[in-house]
Amino acid sequence: MSSPESEPSAGPAEALPAVAPQLRALRRRASLTLEAAARSAGLSPAHLSRLETGQRQPSLPMLLSLARVYGTTVSELLGESVAGRDAVVRSSGMEPTYAGGWTYWQAGASGRGMQALRVRVPYGSQGDIVRVHPGEEWLYVLKGRLRLRLGDTVHLLAPGDSAHFDSLTPHRIAAEDPDGLELLFVHTLLQSPTATLCLGPHIGETP
């Protein structure tokens, strides 16, 4: 997946009102300075500060990176509360969230060692930066075609195809067709402060 900071912001600040205070509270709970948290998430301190004050909105890659750094889930970053640890998640309770041009739905309960998401990825939303981080990822294509880069190899996945890989392998996903793609995405949640490393020609703040 692309560098968290290379993704565009997700629109007006009121779209995700709970994100800013949650980001600040979870960083403090993890006893991380703004600089340390930003470095671990592949962001600049200025960009993370804007996220925490509601001046910018995080894309899905940013949310995933910050969730790993803070040892939590995207649901908690968004301020969502899930009662108990139910084994079954009903489709009626899966409200879509929009971030960085992506649309995603929680497909699993919070508080687990893995996080499951249903993700819609629009065409042309990925940059040239690949990501590397500890853990594992599993992808299953529901609609459209997925261009998956693993190391130096590029794979084209059609609906029904899946991939399961070590996230330390440099990786990037992109929609192959103009209609975009929809996939199931499962990743391990990690407590490591070095959970996200970005490799590529440019790591900088999007204006």
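A residue is termed buried when its relative accessible area is under 20%, exposed when over 50%, and partly exposed in between (1.4 Å probe, protein chains only). The model described here is predicted, so local features need pLDDT of at least 70 and side-chain atom pairs count only at pLDDT 80 or more, whereas totals for chains, interfaces and linings use all residues. Residues are numbered from 1 along each chain as its sequence is written, and side-chain values use heavy atoms, with hydrogens and water left out.

The buried positions of α2 are Leu34, Ala36, Ala37, Ala38, Ser40 and Ala41. They pack against α1 (19–29), α3 (45–52) and α4. Just after α2, Gly42 adopts a positive phi of about 75 degrees.

Leaving aside neighbours within four places in sequence, Leu48 touches Arg27, Leu34, Ala37, Ala38, Leu43, Leu66 and Tyr70. Leu48 also belongs to the largest nonpolar core, which has 41 residues; Leu48, Leu66, Tyr70, Val119, Leu146 and Leu148 have the most contacts inside it. Such a core is a set of buried Ala, Val, Leu, Ile, Met, Phe, Trp, Tyr and Cys residues joined through side-chain atoms within 4.5 Å. Helix α4 (residues 60–70) gives the most to this core, namely eight residues.

The structure holds six salt bridges, each a side-chain nitrogen of Lys or Arg within 4 Å of a carboxyl oxygen of Asp or Glu. In one of them, Glu137 meets Arg68 at 3.8 Å, N to O. Because Glu137 lies in strand β5 (residues 136–143) and Arg68 in helix α4, this pair ties together parts that are 69 residues apart in sequence. Both Glu137 and Arg68 are buried.

Arg145 forms a salt bridge with Asp177, with the closest N and O atoms 2.7 Å apart. This pair links the loop between β5 and β6 (146–150), where Arg145 lies, to the loop between β9 (171–175) and β10 (181–188), which holds Asp177, 32 residues apart. Arg145 counts as partly exposed, at 32% relative accessibility. Glu176 and Arg147 likewise meet in a salt bridge of 2.7 Å, N to O. Glu176 is in the loop between β9 and β10, and Arg147 is in strand β6, 29 residues apart. Finally, a network of salt bridges links Arg118, Arg120 and Glu182.

Key: Helices (H or I, at least four residues) and strands (E, at least two) are DSSP runs, numbered from the N terminus. Contact means heavy atoms within 4.5 Å.
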